Amino acid sequence: MSRLERHQKAIDFKTSDYLGNTVQLSSYEGKKVLLSFFRGAACPFCNLRLHELINAYPELKAHGLNVMVVFNSTAAQIAEYAGKQQAPFPIIPDPSGELYRKYGVESSASGMVKAMLSPKRMWQVMTSGFFNTKAAKDRPIIPADFLIGRDQRISESHYGKHFGDHLELERITHWSKS
């Protein structure tokens, strides 16, 4: 699947989050959604970003934004790592990469190297408490974020350039207020 662009209809899906709850994108019609794709559940960059989303969630939710995140991991792996953060929004396991393919999320072997060239982000990851080497063997998925409008159309798509490259929280917050 190729990259999704602005104004395209978001691709619907129905699955379960890592806790077994049903999640269907089309059930959010009439609501704004941030759909975020991550690497594996042990990824320190991903866990730091998840932590940032959890901290920002009260404000985002107050502006009517719903958040869903997808990990290329099993439900058990999510429970062991990312799930420990007890996100107030769905965390979806996708170990087969089906949703990643539908949304055109890409992999890049150079993604880690590029992330390491960002000293500020590397310092944040190293001092966050999420750093580990368990994710080194995971697929080198590059994150992607989609802001999906009330009409289920993509308002903005962001395909990262490295493991820590997500849409800026300030941009997400600004969009949630519009």
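**A pair of strands**

How many bridges join strand β6 to β7? Five bridges link β6 (residues 144–148) with β7, and the two run antiparallel. In this pair, Ile148 sits opposite Ile154 of β7. Strands here are DSSP runs of E with at least two residues, and helices are runs of H or I with at least four, numbered from the N terminus.

This is a predicted model, in which local features need pLDDT of at least 70, side-chain atom pairs count only at pLDDT 80 or more, and totals for chains, interfaces and linings use all residues. Residues are numbered from 1 along each chain as its sequence is written, and side-chain values use heavy atoms, leaving out hydrogens and water.

**The sheet**

Now let's look at the whole sheet. Five strands make an open, mixed sheet in the order β5-β4-β3-β6-β7; two strands pair if DSSP finds at least two bridges between them. Because β5 (91–93) and β7 (154–159) are at the edges with a single partner strand each, one side of each has no neighbour in the sheet.

**Helices on the sheet**

Helix α1 (residues 44–62) lies across β3 (32–37), β4 (65–71), β5 and β6, at about 165° to β4. Helix α6 (residues 169–177) packs on the sheet too, touching β3, β4, β6 and β7. Touching, or contact, means heavy atoms within 4.5 Å. Angles run from 0 to 180 degrees between N-to-C directions of axes, which are lines fitted to C-alpha atoms, for helices over the stretch in contact.

**Around Phe89**

Beyond its neighbours within four places in sequence, Phe89 contacts Leu50, Leu53, Ile54, Tyr57, Val67 and Val69.
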